[in-house]
Amino acid sequence: MSNKKVLISDKASGQQIELPVVRGTEGEPTLDIKGLPSGLGYFTYDPGFAATAACTSQITFIDGGKGILRYRGYPIEQLAERSTFVEVAYLLLNGELPTESKLNAFRDNVKYHTMVHEQLYTFISGFHYDAHPMAMMAGVVGSLAAFYHERFNVNDPEQRMLAAERMIAKMPTIAAACYRHHMGWPMVYPQNNLRFTERFLHMMFSMPSEEYEVSEVAARALDLLFILHADHEQNASTSTVRLVGSTGANPYACVAAGISALWGPAHGGANEAVLAMLAEIGDVSKVPEYIERAKDKNDPFRLMGFGHRVYKHYDPRATIIRAACYEVLDELGQDDPMMDLAMELERIALEDEYFIEKKLYPNVDFYSGIIYKALGIPVSMFTVMFAIARTVGWVSQWLEQCETPTKIGRPRQVYAGPTERRYRALHRRQ
Ligand code: ACO
């Protein structure tokens, strides 16, 4: 809170009130409008929450104008270069980088919870083989509430942390199981002698009949992508988790809701949509045609992986992923024509007045699919990869919310329907 106040006056009634200005440690000043309805009799109208802060948070800071992203104060570039996903998970959950012993203890905790109840595999096998894995993820993660609901006490900090660690640990196991069900492959249990992303790749791709050696390049690349996707303050899926969490709902149900929100193509589903778009464009010669389509208001086509609600600058995660694309393709000895296509699309878009004026830059999803594809991850699993990583952000934000006095999330509306009218008996209606 700062001492500054903003005077709001209603010229029609002559009434005026002072509203306090809230200041965080960084970022724009924010007007605390809670007193507006009782002071002046007005609510505020902000569809899409483009101008509204719904909470105070100490987890992630974004300066969209400058292209800055920090987790708990640490620049994303430093974490991407020097940290690991598990360490970042600890940081996001606990607020500080761990000592070596704390990191080892955390790693052990996560390992301890990687298995899932056997009945969960029965549940997964009930889905049709070609069910979208995000639909399965939402259902299966929601069903974890059924396994852990009775004994769960949301007011107990230890139980909350246990639920958070459980979800981080089980998400890769569930994701791989959904994929293997789709492929008709036998389930593979988590190997806890492997590191987080190695373990996931082993569960995804190994066969009980053969030796499987996890690719170090693939495990490292996945670790980087998971770090970059781990949290992004109050995005649509995280806000969903917080909204559901504000009702006191079971945390597994909160995360299942987050998974559903993430699936949309305007949010995490964009990584899948980018690859579909690149496949549709097909050739660099077609790029100008698609750029024109993206600018045409009468055409629903948008450049997927472009634009962001907060970034009006190059998304810092996209910068890191673009560089990693070259490295990964090079190290795996692959040459993907989609990379050339993506580069050309970016080049032309960034020179185009429409994209310049609207400050539309590549976002985190523009290049991530190219890496996932190089690692052999099927396109339908791209958003699931995002969900595995973002689970850390969801549960960190949920923990923070539980530790802060919170009101139930309940927006208002501007009612634009019929005013009061009389009920007519069926025979009198036309
Ligand atoms: N292609 C073409 N035009 C675009 C694009 C795009 N990708 N993104 C925004 N615009 C245009 C809009 O048509 C609008 O134009 P107008 O002012 O003339 O009406 C203007 O830019 C502002 O766009 P909005 O949709 O109002 O911006 P908003 O902040 O609501 O949406 C969003 C942001 C959803 C990310 C949007 O840019 C988009 O749909 N991008 C493509 C999907 C995508 O990549 N999503 C992933 C985002 S990152 C993440 O969630 C992980």
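Student: Is the crossing of α5 and α6 left-handed or right-handed, and what does that label mean?
Tutor: α5 passes α6 in a right-handed crossing. A crossing is right-handed if the near helix is turned clockwise from the far one by less than a right angle, and left-handed if anticlockwise. Before we go on: this is a predicted model, where local features need pLDDT of at least 70 and side-chain atom pairs count only at pLDDT 80 or more, while totals for chains, interfaces and linings use all residues. Residues are numbered from 1 along each chain as its sequence is written, and side-chain values use heavy atoms, with hydrogens and water left out.

Student: At what angle do the axes of α5 and α6 cross?
Tutor: At roughly 145 degrees, and the axes of α5 (residues 118-125) and α6 (residues 133-148) come within 11 Å. Axes are lines fitted to C-alpha atoms, for helices over the stretch in contact, and angles run from 0 to 180 degrees between N-to-C directions. The helices themselves are DSSP runs (H or I, at least four residues), and strands are E runs of at least two, numbered from the N terminus.

Student: Which residues of α5 and α6 meet?
Tutor: With contact meaning heavy atoms within 4.5 Å, Gln119, Leu120, Phe123 and Ile124 of α5 meet Met136, Gly139, Val140, Ser143, Leu144 and Phe147 of α6. By class, that contact has seven nonpolar, three polar and no charged residues.

Student: How many aromatic pairs are there, and why is the pair of tyrosine 148 and tyrosine 252 called stacked?
Tutor: The whole structure has 17 aromatic pairs. Rings of Phe, Tyr and Trp (its six-membered ring) pair if their centres lie within 6.5 Å; planes under 30 degrees apart are stacked, over 60 edge-to-face and the rest tilted. The centres of tyrosine 148 and tyrosine 252 are 5.3 Å apart and their planes are at 25 degrees, so the pair is stacked. Tyrosine 148 lies in α6 and tyrosine 252 in α11 (residues 251-263), so the pair ties together parts that are 104 residues apart in sequence.

Student: What makes phenylalanine 196 and phenylalanine 226 an edge-to-face pair?
Tutor: Their planes are at 80 degrees, with 6.5 Å centre to centre, and the pair is edge-to-face. Phenylalanine 196 lies in α8 (residues 196-205) and phenylalanine 226 in α9 (residues 216-229), so parts 30 residues apart in sequence are tied together.

Student: How do you know whether phenylalanine 226 is buried or exposed?
Tutor: Buried means under 20% relative accessible area, exposed over 50%, and partly exposed in between (1.4 Å probe, protein chains only). Phenylalanine 226 has 0%, so it is buried. Phenylalanine 196, at 6%, is buried too.

Student: Why is α3 described as largely enclosed?
Tutor: Nine of the 10 residues of α3 (residues 85-94) are buried, so the rest of the structure largely encloses this helix. Among them are Phe85, Glu87 and Tyr90.

Student: Why is phenylalanine 49 called exposed, and what is its phi?
Tutor: Its relative accessibility is 54%, so phenylalanine 49 counts as exposed. Its phi is near 50 degrees, a positive value in a residue other than glycine. Most residues other than glycine have a negative phi. Phenylalanine 49 is found in the loop between α1 (36-40) and β4 (60-63).

Student: And why is glutamate 233 called partly exposed?
Tutor: Glutamate 233 has a relative accessible area of 22%, so it counts as partly exposed.

Terms used: Ala, Val, Leu, Ile, Met, Phe, Trp, Tyr, Cys and Pro count as nonpolar, Asp, Glu, Lys and Arg as charged, and the others, Gly among them, as polar.
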